Amino acid sequence: MDDDELITATARGDDVALRQLFARHAPWLAARLRAVLPAADVEDVLQETFLAVWRGAGAYRGDGVGGWIWGIGRRQAALWLRRRGRADTLPIDALPDDVAPADDPAELAVTNAQLIDVLDALGPAGSPHRETWRLMYVEDRSVAEVAELTGVPAGTVKSRAHQARRMIRAAVRREGPLPEGGL
């Protein structure tokens, strides 16, 4: 069976199909998760991801199983980190949704290291520009929410967000192009 057929079977409640999806996709997903999560959390997030695949298989729209599973895994990892108070530990939400499965864990590590270097241009975790970027672009909060959370006027939030985008663009130019699937 191909992946689309396995998703259809999973949506009908076929646990054998889910196990086959897991066997095909868990290795590359684990490698991607290891690049952005503490090692101790990878297995748990994999389980949460495939539980969400099981529950959400009926909603799959045929846009590519690998990208769909990565999207679920990415959201599960972000939720996992948020529940543990570590949402700003690694920039999992900065990774794009439309990545293809990667076969090379070393490539993933290089991409993640470059991404972290680029984000370091915003300053240390908790600094005004980095915190504004995190709240607006990782947590998807509005300008008004960020202003309230940080205790600064909305105009300051907008200014910091603009400056953060400029700083990231400059850092990307310094780093050179990221491998496909990066920032």
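A residue counts as partly exposed when its relative accessible area falls between the 20% under which it is buried and the 50% over which it is exposed, and in this predicted model Arg 24, at 39%, is therefore partly exposed.

Select Arg 24 together with Asp 3, whose side chains meet in a salt bridge with N and O 2.9 Å apart. Because Asp 3 belongs to helix α1 (residues 3-11) and Arg 24 to helix α2, this pair ties together parts that are 21 residues apart in sequence. The whole structure holds 3 salt bridges, and the next one to show joins Asp 15 and Arg 19, with their closest N and O atoms 3.3 Å apart. Both residues lie in helix α2, 4 residues apart, or about one helical turn, and Asp 15 is partly exposed at 40% relative accessibility.

Stay with helix α2, which spans residues 15-34, and select Phe 22 in it along with Phe 50 in helix α3 (residues 39-56).

Now turn to Arg 32 and Trp 70, where the charged end of the arginine sits over the ring, 4.8 Å from its centre.

Finish at Arg 130 and Asp 120, whose side chains form a salt bridge at 3.1 Å, N to O. Arg 130 is in helix α6 (residues 128-138) and Asp 120 in helix α5 (residues 105-120), so the contact ties together parts 10 residues apart in sequence. Here Arg 130 is buried at 15% relative accessibility, while Asp 120 is partly exposed at 41%.

Methods: Residues numbered from 1 in each chain as written. Predicted model: local features only at pLDDT ≥ 70, side-chain atom pairs only at ≥ 80, totals over all residues. Heavy atoms only, no water. Helix = DSSP H or I, 4+ residues; strand = E, 2+ residues; numbered from the N terminus. Lys NZ or Arg CZ within 6 Å of the ring centre and 35° of its normal. Salt bridge = Lys/Arg side-chain N within 4 Å of Asp/Glu carboxyl O. Buried < 20%, exposed > 50% of the residue type's maximum accessible area, 1.4 Å probe, protein only.
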